[in-house]
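Thanks for making the time this morning. I would like to walk you through one model, and I will ask you to keep the structure open while I talk.

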Amino acid sequence: MTDMHTDGNGVAGLLAEVLATEATVVRRTCQSCGDVQALGAHRAYHGAGVVLRCPSCGDVAVRIGVHAHRLTVEWRGTLLMEVERAEDAGA
Amino acid sequence: MAPISRGFRGRRSDVDPGRLPPGQYLTPDFPVLSAGPTPRTDLATWTLTIDGAVDEPRTWSWDEFLALPSETFTVDIHCVTKWSKLDTTWTGVSLDALLDGVETEAEFVVAWCDGDYTTNLPLEDVTGGRAWVAHTYDGEPLEAEHGGPARLLVPHLYFWKSAKWLRRLTLRPDDEPGFWESVGYHNYGDPWREQRYWSD
Amino acid sequence: MTPRGPLVWRTATIGAVKEETPHARTLSLEVPGWPGHRAGQHVDLRLTAEDGYQAQRSYSISSAPEAGSVEVTVELVDDGEVSPYLVEDARPGDQFEVRGPIGGHFSWSVDEGGPVVLVAGGSGLAPLMSMLRHRAARASQADARLLVSARSPRDALYRDELEELEPRAGLLVAWTFTREPPPGWLGFAGRVDAEMLTAVGPGPQARPRCFVCGPTPFVEHVANLLVDAGHDPHLIHAERFGPTGG
């Protein structure tokens with residue numbers, strides 16, 4: 001019996017509401033196993049909200065409470081993000 | 001203002017609106033929701049424990065648990081993701097039976113589950129015939145994806161409180177928010193007052 | 001690489017409908033303000049009923065970025081909520097909302113070069129088709145190989161187009177049929193296995209970027225096969241549609 005998970009690509013729209021940048025390419029270093037994986041490669045589970053888990057060790061990476069007017073997001077591990085700046089962003 | 005998609009209804013069934021809490025829709029399915037992969041627990045090593053602020057912790061093996069008095073009952077269930085399922089039939093051991101004779105001053109209970117899921121409830125919400133540890137759904141042994149071998153069942157609250165893969169109930173004098181309660185979900189979760197989010 | 005600005009819901013109007021198979025259709029959408037997309041990206045699509053009830057699903061964009069329109073291929077899911085409406089009821093002029101383009105992890109551009117190995121289960125072919133259409137539009141010679149798992153020729157998406165693209169665009173396409181191969185079929189049959197992946201190649205020493213898409217069990221199975229065959233897990237991009245396939 002296979003688990004009903006998808007992956008970070010499937011919840012990318014939700015994550016894009018939170019981050020100023022495309023979320024699936026963000027690289028996360030797991031707090032439990034130390035492995036580095038893109039958020040798009042994380043397993044996404046759908047309960048009351050969304051849980052992203054490290055594809056290497058299965059530990060919780062991100063928890064997202066999904067409500068009509070708010071998202072509550074808890075991040076675990078270390079994220080490395082590259083965010084494009086606007087033309088006029090300056091120094 | 002979202003454009004209306006002509007003719008779209010979705011898979012909703014008609015129902016007496018009085019039976020649905022606000023904002024809920026009736027589903028013909030039994031959706032499977034989970035915070036993680038389905039745990040597989042060997043019944044030979046499965047135990048259910050009641051501990052915490054009690055004089056003596058209690059533990060039952062699977063056979064001992066099944067030997068306890070069970071009830072079969074029919075209830076409606078309501079998920080915070082907006083689906084409701086009416087007239088679901090379960091068999092399980094009431095929390096009143098499990099706590100029978102337990103001396104405690106605890107006011108709260110935390111449910112601990114395989115897969116590391118937790119949820120918290122006031123002790124008075126799992127007693128007085130309002131909660132069970134269920135092992136049978138619709139006459140069949142509870143499937144793993146729906147929380148088998150045994151899950152907590154507290155139908156008067158949103159279904160995230162009916163913790164799947166239950167292993168331990170810890171009685172506590174103080175409250176401790178569980179998995180979803182600590183990331184935005186209402187600490188109590190009454191569907192009739194639409195307590196979905198922690199500021200509701 | 002990725003468009004700036006917040007992701008917003010935009011009104012999409014169905015411009016045209018193409019029946020791909022008895023159970024799948026491509027919807028060509030007009031989306032004012034559409035910022036363009038990369039091959040492999042998807043949209044979140046949201047339907048609103050008259051009483052305000054909403055349902056949302058994700059669909060991969062099957063058209064190339066160069067096409068100038070947004071096309072999504074929707075396959076009917078038994079007892080689905082959204083797909084029966086899109087496949088059986090919706091018609092040109094109907095409206096809903098889309099949010100996107102979404103997804104950088106599962107996207108490819110010819111600028112990244114090859115080799116690429118694309119493995120599709122059922123409707124998982126849609127985003128990979130966007131990649132191949134993009135590759136053809138840019139007349140790229142990047143080494144690209146496609147393995148598609150379909151139940152039967154009746155369920156095979158884009159089969160004619162792929163047959164035509166193969167020689168014209170220097171592509172390798174292999175099919176495996178899991179339920180009912182065509183009469184006289186001499187190709188692969190049954191579930192994707194290590195032998196098929198080796199035959200389609202290239203091997204791990206070529207360090208191909210692998211894109212695997214389809215139902216979750218299919219993707220997990222193929223990704224495991226690729227890793228077992230020695231492919232670098234960081235070069236394997238997977239997009240899981242969930243248990244039912246989308």
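Predicted model: local features only at pLDDT ≥ 70, side-chain atom pairs only at ≥ 80, totals over all residues.

Let me take chain C first, which has five helices and twelve strands. Its C-alpha trace spans about 55 × 40 × 30 Å along the principal axes. Buried residues make up 48% of the chain, and if we take the contacts in chain C with a separation of 6 or more, 73% of them are between residues 24 or more positions apart.

Now to the strands, and to the hairpin that β3(C) and β4(C) form, with five residues between them. Strand β3, residues 42-48 of chain C, pairs with β4(C) in the antiparallel sense over seven bridges, and if you want a place to look, His42(C) stands opposite Ser60(C) of β4(C). In the turn you will find Gly52(C), with a positive phi of about 95°. Strand β4(C), which runs over residues 54-60, is mostly covered, since five of its seven residues are buried.

There is also an open sheet of six strands in chain C, with parallel pairing, and its order reads β10-β9-β8-β7-β11-β12. The edge strands are β10(C), at residues 188-189, and β12(C), each of which pairs on one side only. Within this sheet, β7(C) and β8(C) pair in the parallel sense over six bridges, and there Val116(C) stands opposite Ala144(C) of β8(C).

That brings me to helix α5 of chain C, residues 216-228, whose 13 residues reach 18 Å from the first C-alpha to the last, close to the 18 Å expected at 1.5 Å a residue. Which residues of α5(C) are buried? They are Thr216(C), Phe218(C), Val219(C), Val222(C), Ala223(C) and Leu226(C). Seen down the helix axis, the buried residues of α5(C) fall within an arc of 155°, and so they line one face of the helix. The face turned away from that buried side carries the exposed residues Asn224(C) and Asp228(C).

What, then, covers the buried residues of α5(C)? The cover includes β7, β8, α4, β11 and β12 of chain C, together with β1 of chain A. Just after the helix, Gly230(C) takes a positive phi of about 105°.

Finally, the contact between chains B and C takes twelve residues from chain B and 14 residues from chain C. The chain B side of that contact divides into five nonpolar, three polar and four charged residues.

I will stop there, and I am glad to go back to any of these places on the screen.

Key. Residues numbered from 1 in each chain as written. Chains lettered and ligands numbered in written order. Helix = DSSP H or I, 4+ residues; strand = E, 2+ residues; numbered from the N terminus. Expected span 1.5 Å × (residues − 1). Buried ≥ 20, exposed ≤ 12 C-beta atoms within 10 Å, placed from the backbone. Arc of directions from axis to C-beta. Contact = placed C-beta atoms within 7 Å. Pairing = 2+ DSSP bridges. Nonpolar A, V, L, I, M, F, W, Y, C, P; charged D, E, K, R; others polar.
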